[in-house]
Amino acid sequence: MPSERAAALADEFAAANDAAIAFAESCSDSQWRTVVPGEEWTVGVVLHHVAEGHAQGARWLRFMTAGEGVADTGDDIDRHNVTHAEQWSDVSVADTVALLRDNGQRTEALLRALTDEELDRTAPFGPAGGQLFPVAQLAVVASRHPRGHLAHAQEALDASGRMDGQNT
């Protein structure tokens, strides 16, 4: 039976995804192409990375709840991120928003369906060096990941003077 903890995690994730969608939809072409310091990707690539990350996180949650663990390492993730940034350098707002919505709905549904037993389960997590990692902690990352990247993108636009109608 789904848990109250799972519902809260799903609600938090949905709010984070909704914020990412609203931000993406508010971007001008110039804002969408602004490079985000520290990420070294454009706002568009950062938000597409968030959308793709939803699917990756959902895959990891399925593995973890099944007790299989996640084999991907930090180096695997870094390599994938470089490839992703190259492949999606010209991604559109519309395509990114569609992916945020689609992958977001799937991830939210997965989070909402988790039981307390599943949330309490641990399994080896490759990005943490293969250490045992609680499913509940990974579920929290589902909303922290988009919020962190969104904050960086917003800061980049603020710093470049491209927010609040100051588009260049």
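Apart from neighbours within four places in sequence, Asn103 is in contact (heavy atoms within 4.5 Å) with Ala51, Glu52, His54 and Ala55. Asn103 belongs to helix 5 (residues 93-113); helices are DSSP runs of H or I with at least four residues, strands are runs of E with at least two, and both are numbered from the N terminus. The side chain of Asn103 reaches the backbone oxygen of Ala51 at 2.9 Å. Asn103 counts as buried because its relative accessibility is 9%, where buried means under 20% relative accessible area, exposed over 50% and partly exposed in between (1.4 Å probe, protein chains only).

This is a predicted model, in which local features need pLDDT of at least 70 and side-chain atom pairs count only at pLDDT 80 or more, while totals for chains, interfaces and linings use all residues. Residues are numbered from 1 along each chain as its sequence is written, and side-chain values use heavy atoms, with hydrogens and water left out.

A search of the whole structure gives two aromatic pairs. Rings of Phe, Tyr and Trp (its six-membered ring) pair if their centres lie within 6.5 Å; planes under 30 degrees apart count as stacked, over 60 as edge-to-face and the rest as tilted.

| Pair | Type | Centre to centre | Angle between planes |
|---|---|---|---|
| Trp60 and Phe125 | edge-to-face | 5.3 Å | 90 degrees |
| Phe125 and Phe133 | stacked | 4.6 Å | 20 degrees |

Trp60 is buried, as are Phe125 and Phe133. Ring pairs join Trp60, Phe125 and Phe133 into a cluster.

Terms used:
Polar contact = N/O pair within 3.5 Å; in protein donor to acceptor, adjacent residues only side chain to side chain.
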